[in-house]
Amino acid sequence: MGLTIVGPPPYRTWLRRAVKLLVAYALYGPLMCAALWERHRSDGRRRAASRQDARPRLFWGTEPLINMKYHSEAMKRLGYVSVTAVNSVYGIHHRSDYDVHVQDLLEEGFWTKWLPPLTRRLFQDYAAFLWAIAKFDVFNFYFVGGILRDTPLKYRELQLLQLAGKKTVFMAYGSDVQVMSRFKGLLFKHAQCMDYPHFTKQESETLRSVEYCTRYADYVIAGADWVDYMPRWDALIAGHFAIDTEEWKPEDRHDERGDRRAVVVLHAPNHREIKGTRFLIQACEELRKEGVPIELKLVEKVPNARIKELMAECDIVADQFIVGWYALFAIEGMSMGKPVMTYLRPDLVELYAVYSYGADCPLVNTHPLHIKDMLKQLVGDASLRSDLGRRGRHYVEKYHSLQGVGSMLDVIYRRVWPGGVF
């Protein structure tokens with residue numbers, strides 16, 4: 001049997017790395033000079049801000065998460081200049097969800113648009129960095145890194161931003177901080193092994209990135225189960241997720257079938273083991289065999305717009321039953337006035353009840369082994385579903401709406417960016 005090599009020859013890979021290193025080292029000096037010059041301008045802006053009550057200009061990037069869009073919109077409504085920038089877009093989102101696409105900065109430039117595509121790709125992150133430090137004061141990043149995260153200068157970027165007089169705020173989203181050796185929930189650890197068997201291979205890089213970002217960050221926001229993996233934080237919040245409550249809101253539905261129709265449960269897993277999907281499927285199958293009027297709608301890899309349509313039509317939202325805390329899908333369900341089932345780890349419930357607003361959370365706390373019992377109760381009690389839906393909507397309006405999250409972030413920026421009472 002002959003040997004088949006898939007992918008580029010090894011020498012091409014090494015050549016590509018060598019070229020990227022040469023470009024990075026050649027640009028490091030000019031980037032430092034640009035940062036020093038920008039520091040002079042930043043100091044002037046802060047002095048002017050103290051006299052004019054000006055707000056810092058905010059940058060969000062560059063991981064294409066929809067939550068970043070909501071955070072930025074929340075700050076715009078409070079009068080901030082706030083811009084999101086990404087390198088790519090997930091299939092379930094749209095390019096229009098984000099303000100700037102990094103590759104466009106060079107493609108639209110008068111001189112740089114004539115450069116060959118490969119050359120533009122080599123320089124686009126550095127060009128984006130120079131553009132960003134000239135236009136923004138506070139940089140909001142996730143723990144995967146910032147603008148230069150895909151370059152050899154990934155672990156020099158935060159020093160350059162400090163040199164430029166900029167401030168950085170970090171928050172997690174999940175896999176950017178999670179490492180298998182620090183998992184506290186064995187249910188989650190097993191599910192991670194099943195869904196992502198190669199997850200441990202990136203542990204050393206994740207640890208390095210988390211330690212680096214935490215060391216140089218001006219402010220760190222922690223929440224959800226991410227506290228298991230983060231060395232420190234400056235703010236502890238049950239969940240920093242934000243949502244547009246005018247876009248995701250309850251819809252009046254008239255169903256002519258009345259009480260005879262099946263109760264619809266919506267579940268949209270992006271990782272089946274981690275979400276506990278098989279336990280939900282089993283529970284619904286057993287209930288149907290017992291004559292309980294229940295229908296499970298399981299949807300995967302569909303756009304957010306379709307999720308919203310399906311959520312408006314369902315009666316119960318089934319979020320996740322393994323991780324131990326809630327995320328954006330649960331918030332979307334609560335915002336639309338639906339009862340939401342999810343598993344909440346006891347130690348996290350205690351933590352956020354004592355130090356955050358977790359005690360107000362109206363989620364139906366559901367262990368994977370108790371899904372059937374909780375579903376049976378919800379299916380048989382329409383008034384309970386209605387009450388949970390109302391309480392969930394109120395919870396989201398108070399803590400996860402653009403106004404609620406915007407007020408929280410506004411307090412943080414007042415601490416992070418010295419220069420006045422803006």
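Visitor: So helices are DSSP runs of H or I, at least four residues long, numbered from the N terminus. Which one gives the most to the lining of the largest pocket?

Guide: That's α11, with three residues. This is a predicted model, where local features need pLDDT of at least 70, side-chain atom pairs count only at pLDDT 80 or more, and totals for chains, interfaces and linings use all residues. Residues are numbered from 1 along each chain as its sequence is written, and side-chain values use heavy atoms, leaving out hydrogens and water.

Visitor: How much space is in that pocket?

Guide: The largest pocket holds about 1,300 Å³, with 44 residues lining it. Y173, N270, H271, K275 and A327 lie nearest its centre. (A pocket is an open set of points on a 1 Å grid over the protein atoms alone, where a 1.4 Å probe fits, with protein on both sides within 12 Å along at least five of seven lines; lining residues have an atom within 4 Å of a point.)

Visitor: Which other elements give two or more residues to the lining?

Guide: Besides α11, they are α2 (66–76), α6 (186–195), α8 (272–275) and α10 (304–313).

Visitor: What does α11 meet in α14?

Guide: I331, M334 and S335 of α11 meet G389, G392, R393, Y395 and V396 of α14, with heavy atoms within 4.5 Å counting as contact.

Visitor: New topic! How many disulfides are there?

Guide: The whole structure has zero, taking a disulfide as two cysteine sulfur atoms within 2.5 Å. For C314, the nearest cysteine sulfur, that of C284, is 12 Å away.

Visitor: Is C314 buried or exposed?

Guide: Buried, at 1% relative accessibility. C213 is buried too, with a relative accessible area of 3%. Buried means under 20% with a 1.4 Å probe, protein chains only; exposed is over 50%.

Methods: Points joined across faces, edges and corners; volume = space filled by probe spheres on them.
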